[in-house]
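Biologist: I would like to learn how to read a few local features in a model. Can you take me through them one by one?

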Amino acid sequence: MACEIVETEYFTLHTLDDGVFAVIAKPGQGAWSNAGIVDLGEELLVFDSLSTPSAGKELRRQAESLTGKKVKYLINSHYHGDHVFGNQVFLDTTIISTYETQKLCKEKNNIEDLEKEEKEMKQYLLQLENQIDSTEDNILQASLINQYQEMSKVLDDLSQLQIVLPSLLFEEKLTINGADRMVELYCLGGGHSPSDTFMYLPKEKIAFMGDIATEDLHVPIDNPVEFLSILQQVKQMDIDTIVPGHGSVTNMALCNTLIDYLSFLTQSSKEAIQRKLSVEDFISAFEIPKKYKEWKGVNGIKKNLKTIYTYLQKN
């Protein structure tokens, strides 16, 4: 499905089609999330800019040296730092997101006091160190170690980090036509974040999903109902290849796995509410099914259970 062609310090590059490349992050090296490179014909489009300016710089260098063309567009799938902290490397390009993602980038990612930010990040890293030392759960420990390594890379780059906001904004759908290829951007709502964009290449049947799709990861949930709805709509699309926000290049089976996951957590939460269990009692008594026990994530399945339980109670 995907042929690896380049290995860098931060990521590996895989060919998905002629002129379409998946950028798969190496754990703990400063890329943190996956990205994509698409040759539109006369110029390039990049999907997400990775977690640090250093990784973003390598992303752009590889894209342009690989194709001999310049990047014209950068897409931000959502506002989280591991997908947008490389934006400054693409300052001279057209950076695209939804209106909501731009708003959240401005509100949530703003660094007003560098010294304070560095101090808080060092305190957070110390907390992670303590958690790593104290946990006996191997899966949780691996998740915490990766979080520590990735946040350490962000701290290394913090003094040079500039928050660069998207400039071309859309609501639900945007089509970009190149000389040789067309791509479609969709925002069907917010599942992982309040506004999640994915990119679809209809001719190649390839989708770059951002964190709407992740592999073996208890990805944090913002809105469980919208998350499930987005995945169900994606399932109806003609897609052969999925590039997740985290994990390996795969196919639509991942979409089915995540639909099952969200449906199971939602049904479990509904039953707990019907039985009038408190959220604390529900979570403490919850037994993680075997198929989800190896999934990673510093907050694990229980944070997602709490989110869904609370959402259902309020709605």
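Modeller: We will go through aromatic pairs, backbone angles and cysteines. This is a predicted model, so to speak of local features we need pLDDT of at least 70, and side-chain atom pairs count only at pLDDT 80 or more, while totals for chains, interfaces and linings use all residues. Residues are numbered from 1 along each chain as its sequence is written, and side-chain values use heavy atoms, with hydrogens and water left out.

Biologist: How many aromatic pairs does a search of the whole structure find?

Modeller: First the rule. Rings of Phe, Tyr and Trp (its six-membered ring) pair if their centres lie within 6.5 Å; planes under 30 degrees apart are stacked, over 60 edge-to-face, and the rest tilted. The search finds nine such pairs. Take Phe-264 and Phe-286: the ring centres are 6.0 Å apart and the planes meet at 50°, so this pair is tilted.

Biologist: Where in the chain do Phe-264 and Phe-286 sit?

Modeller: Helices (H or I, at least four residues) and strands (E, at least two) are DSSP runs, numbered from the N terminus. Phe-264 belongs to helix H7 (residues 253-274). Phe-286 lies in the loop between helix H8 (279-285) and helix H9 (300-314). The two are 22 residues apart, and the pair links distant parts of the chain.

Biologist: Is Phe-286 buried or exposed?

Modeller: Buried means under 20% relative accessible area, exposed over 50%, partly exposed in between (1.4 Å probe, protein chains only). Phe-286 has 12%, so it is buried. Phe-264 has 30% and is partly exposed.

Biologist: Which aromatic pair do Phe-282 and Phe-286 form?

Modeller: An edge-to-face one, 6.1 Å centre to centre with 75° between the planes. Phe-282 is buried at 7%. Ring pairs join Phe-282 and Phe-286 into a cluster with Tyr-261, Phe-264, Tyr-292, Trp-295 and Tyr-309.

Biologist: Now the backbone. What is the phi of Asp-216?

Modeller: Positive, about 50°, although Asp-216 is not a glycine. Asp-216 lies in the loop between strand S12 (206-208) and helix H6 (224-235), and is partly exposed at 43%. Lys-276, also not a glycine, has a positive phi of about 60°. Lys-276 is in the loop between H7 and H8 and is exposed at 73%.

Biologist: How many disulfides does the structure hold?

Modeller: A disulfide is a covalent bond between the sulfur atoms of two cysteines. The test is a pair of cysteine sulfur atoms within 2.5 Å. The structure holds zero.
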